[in-house]
Amino acid sequence: MRTAYSVETVRTAERELMARLPEGALMQRAAAGLAAACADVLGRVYGGRVVLLVGSGDNGGDALYAGARLARRGAGVTALLLAPERTHAGGLAALRRAGGAAVASGDGFPGTARELIRRADLVVDGIVGIGGRGGLRPDAASLADYAAESRAVVVAVDLPSGVEADTGEVHGPAVRADLTVTFGTHKPGLLIDPAREYAGSVRLVDIGLDLPGAAELEALQHVDVAARLPAPGAESDKYRRGVVGIAAGSARYPGAAVLAVSGALRGGAGAVRYVGPAADAVISRFPETLVSDLGPARAGRVQAWVVGPGAGDDASAVAEVLEAEVPVLVDADGLRLADRETVRGRTAPTLLTPHAGEAAALLGVSRESVEGARLTSVRELAARYGATVLLKGSTTLVADPGGGVVRVNPTGTAWLATAGSGDVLSGLAGSLLASGLSALDAGSVGAYLHGLAGRLAAEGAPVGAHDVAEAVRDAWRDVTG
């Protein structure tokens, strides 16, 4: 499990550790890890051209001490000082003792800086630390632009400068890194878009922080998913494994029903019941499906319902399903048709699975607002509806209504941006609900398998939702070994 902690939690842990260590020891640990990562990037350190972008905080000190280590190994290191009078004195002295150079901002600085960065093999971003807010100021933004224009590999110290550590939001110019070397723990902004796109690859350096058990963010990995996947026992039958009901599709959108059922059949439940106008299309594709034309309330026993994909404007099935005393997943048209107070009044778990546009409509804001503040949006939506919310997108987030840790999915791929892919996810997660997983686990495990299936199906080539559904089986095998 990868975990991420808030700036406040990290700062507290750093203070507690520094109180037990000799002065400057914690920064030296960070600098050593940063220098090792930079050396790996350079390959051959001797003769390498390194430029440090140095601000006034501890990140600047980390960069300077790491630069000193590289200079002692024969690299040509130059520090560009954005705030000369507030530069970390110890780090700057160490760099100069090691043979490195420093150029202070002032007359002629922009041109000099641009030329140095243009010729660099490696640029180290130590402009702003995890406490930074808002985008970069103009002088720092210019350096970020020069780095982006260059052929140098850009390594960010702890977090790309200009992105929000706690939320993953980006409110102005920011450094785009190829690699981010982060210390002690991941920060939420390294795992959530849009900031995640600025981080590049992320390398975690252990500096000995003692962090609490409750993280801000969790990202499941293979072992975590495998531990949560349902597995039949010797006494299992199709009913003991769980039955998931699918109320989806319409005359206009019969394919949504077929795709939701396809995801459900690969989600571990013992049987799938389908209710809706697309029964003929479903049964012709999946003859093992149990179909009914009596409506959700009289369809037969289920352990969970999925409602909404392709439902059009028919609110009756949504209302009927929300009255059921079993876990319910609401997706697509169902999100628009579901009454908020009815959802809030449910006693059984409810999982809502909007994409950014649907979330924006439910929150009464623009889609851009949701995409720019994904963590804030998913938490707010969960609180408003009293439901677990899976916010689909470039980084899928799953939040419970009572607050606490938010799950972020690391397996997503842009190839999943294809019609019907969300219907497959709905069926898959609904099947996991029926097999007994909590709404948080069903959503996060479903998103993990769905994202991995998208990667396996695509392998660099376009795919459709049907391909993704077919690949869920391969994703399951990949996770369980």
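Trainee: How does the lining of the largest pocket split by class?

Mentor: The lining has 17 nonpolar, twelve polar and eleven charged residues. Here Ala, Val, Leu, Ile, Met, Phe, Trp, Tyr, Cys and Pro count as nonpolar, Asp, Glu, Lys and Arg as charged, and the others, Gly among them, as polar. This is a predicted model, in which local features need pLDDT of at least 70 and side-chain atom pairs count only at pLDDT 80 or more, while totals for chains, interfaces and linings use all residues. Numbering runs from 1 along each chain as its sequence is written, and side-chain values use heavy atoms, with hydrogens and water left out.

Trainee: What counts as a pocket or a cavity?

Mentor: On a 1 Å grid over the protein atoms alone, a cavity is a set of points where a 1.4 Å probe fits but cannot get out; a pocket is an open set with protein on both sides within 12 Å along at least five of seven lines, and lining residues have an atom within 4 Å of a point.

Trainee: And what volume does the largest pocket have?

Mentor: About 890 Å³, where volume is the space filled by probe spheres set on grid points joined across faces, edges and corners.

Trainee: Which residues lie nearest its centre?

Mentor: Of the 40 lining residues, Ser-56, Gly-57, Asp-58, Asn-59 and Gly-129 lie nearest the centre of the largest pocket. The elements giving two or more residues to that lining are helix H1 (7–18), helix H2 (25–42), helix H3 (58–72) and helix H6 (138–149). H2 has the largest share, five residues. Helices (H or I, at least four residues) and strands (E, at least two) are DSSP runs, numbered from the N terminus.

Trainee: What about the second largest pocket, where is its centre?

Mentor: His-355, Lys-392, Gly-393, Leu-416 and Ala-417 lie nearest the centre, out of 28 lining residues. The volume of the second largest pocket is about 630 Å³. Its lining takes at least two residues from each of helix H14 (356–363), helix H15 (367–372), helix H17 (421–434) and helix H18 (439–458), and H17 gives the most, four residues. By class, that lining has eight nonpolar, 13 polar and seven charged residues.

Trainee: How many cavities of 30 Å³ or more are there?

Mentor: One. The largest cavity holds about 40 Å³ of space. Its lining is Leu-220, Thr-396, Val-398, Arg-407, Val-408, Asn-409, Pro-410, Ser-444 and Tyr-448, and strand E18 (406–408) and H18 are the elements that give two or more of these. Five of the lining residues are nonpolar, three polar and one charged.

Trainee: Switching to H16, what span does it have?

Mentor: Helix H16 (residues 374–385) has twelve residues and reaches 17 Å from its first C-alpha to its last, close to the 16 Å expected at 1.5 Å a residue. The expected span is 1.5 Å times one less than the number of residues.

Trainee: Which of its residues are buried?

Mentor: In H16 the buried residues are Arg-374, Leu-375, Ser-377, Val-378, Leu-381, Ala-382 and Tyr-385. They cover an arc of only 165 degrees around the axis, so they sit on the same side of H16. Buried is under 20% relative accessible area, exposed over 50%, partly exposed in between (1.4 Å probe, protein chains only), and the arc is that of the directions from the helix axis to the C-beta atoms. After H16 comes Gly-386, with a positive phi near 60 degrees.

Trainee: Which non-glycine residues have positive phi?

Mentor: Among them are Asp-158, at about 75 degrees, and Ala-332, at about 50 degrees. Asp-158 is in the loop between strand E6 (153–157) and strand E7, and counts as buried at 5% relative accessibility. Ala-332 lies in the loop between strand E14 (328–330) and helix H12 (333–337); this residue is buried too, with a relative accessible area of 19%.

Trainee: Where's the cis peptide bond?

Mentor: A cis bond joins Asp-193 and Pro-194, with omega about 10 degrees. Pro-194 is in the loop between strand E7 (179–183) and helix H7 (195–199). His-186 lies in the loop between E7 and H7 as well, buried at 7% relative accessibility.

Trainee: Last one: what are the overall dimensions?

Mentor: The C-alpha atoms fill a box of roughly 80 × 45 × 40 Å along the principal axes. The protein has 19 helices and 18 strands, and 55% of its 481 residues are buried.
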